[in-house]
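Dear colleague,

Please read the notes with the structure open beside you.

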Amino acid sequence: MGIQNRRAVVTGASSGIGAATVRLLRAHGWDVVGVARREDRLQALAAETGATYFVADLLKQGDVDALADHLRQTGGVSTLINNAGGAAGMDSVEAGSVEDWQWMLEVNVIAVKRVVSALLPLLRESVAGAPTGTAVADILTVSSTAGHFAYAGGGGYNASKFAVTSLSEVLRLELSGEPIRVLEIAPGMVKTDEFSINRFKGDAAAAEAVYANVPDPLSADDVAATIVTMVEMAPHISLDLVIIKPVAQSAVYKVHRGPLEVKQ
Ligand SMILES: NC(=O)c1ccc[n+]([C@@H]2O[C@H](COP(=O)([O-])OP(=O)(O)OC[C@H]3O[C@@H](n4cnc5c(N)ncnc54)[C@H](OP(=O)(O)O)[C@@H]3O)[C@@H](O)[C@H]2O)c1
């Protein structure tokens, strides 16, 4: 199956990494369906790129079922990019709000499980009958370095991203023998318009401080370029896990601020 026959669903397409991924997939000739709740943004992205879109709240089973029906009726799907998600708060485990934890577990884990369950039959259909090595379907999930390394204040975000990392590992074992790749990209610090503002509940100063004086945090385009590389690898190659950070971020909690300079 050439790229011209491949159709990707990108969740969380209305901003940040998801929108950048839609743009780049379209530039590479993919058929793309963007999914999110905010229709005005999806509509503008569709007009700009030629992608189509489907409005869905992934926390609602009915919306996800409707997405699967829509895809079934409009050409299926070969590539699922689970990108929708987010963080709420930087509080300690002790002080963190239960509602924040519930939302993060819902959007970062349960929604991914729900979409995978609904779309797997269609992903299988996209590669059914293809001779071995000629085609592959993909389930790529955007986790986080927070899914691999704990940090103080990581709280429910760490817990949810560790969980979705486990989901990918389990799924890869369960799909053994099928022409379906289970891929994970775990970004470190990415400067997107909404992620930190949402995490700090609208406190723009706190959100901006995350990136203050960090030389070149990753951009949404950097992550999108890596996602597209992963799903465009030859069908026999699985980049199971890509951890991507800015050079200035040595660890999830160790970020250099100021210019990068060699030691004399
Ligand atoms: N930015 C970072 O530093 C960073 C680092 C590592 C990993 N990540 C991960 O990368 C992914 C994208 O992050 P981003 O920085 O691009 O964040 P973002 O700009 O806040 O985008 C989040 C996207 O998720 C969608 N979304 C949220 N809840 C949804 C729901 N219930 N149903 C459907 N869509 C929903 C939002 O669209 P609507 O509001 O329109 O629904 C939006 O398009 C997330 O999973 C995040 O955890 C980000």
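Which residues line the largest cavity? Before the reply, please note that this is a predicted model, in which local features need pLDDT of at least 70 and side-chain atom pairs count only at pLDDT 80 or more, while totals for chains, interfaces and linings use all residues. Residues are numbered from 1 along each chain as its sequence is written, and side-chain values use heavy atoms, with hydrogens and water left out.

The lining of the largest cavity consists of A88, G89, M90, D91, G96, D100, W101, M104, G153, G154, G155 and G156. A cavity here is a set of points, on a 1 Å grid over the protein atoms alone, where a 1.4 Å probe fits but cannot get out, whereas a pocket is an open set with protein on both sides within 12 Å along at least five of seven lines; lining residues have an atom within 4 Å of a point. (Helices are DSSP runs of H or I with at least four residues, numbered from the N terminus.)

Helix 4 (residues 98-127) and helix 5 (residues 155-174) also pack against each other, at an angle of about 20° and with their axes 7 Å apart; the axes are lines fitted to C-alpha atoms over the stretch in contact, and angles run from 0 to 180 degrees between N-to-C directions. That makes helix 4 roughly parallel to helix 5, a term for angles under 35 degrees.

The largest pocket holds about 1,200 Å³ of space and is lined by 47 residues, of which G85, G86, A87, Y157 and F195 lie nearest its centre. Helix 6 gives the most to this lining, with 4 residues. The second largest pocket, with a volume of about 220 Å³, is lined by 17 residues, and S14, S15, G16, A19 and R23 lie nearest its centre. Helix 1, helix 2 (39-49) and helix 8 (220-231) each supply at least two residues of that lining.

With best wishes

Key: Parallel < 35°, antiparallel > 145°, perpendicular 65-115°, else oblique. Points joined across faces, edges and corners; volume = space filled by probe spheres on them.
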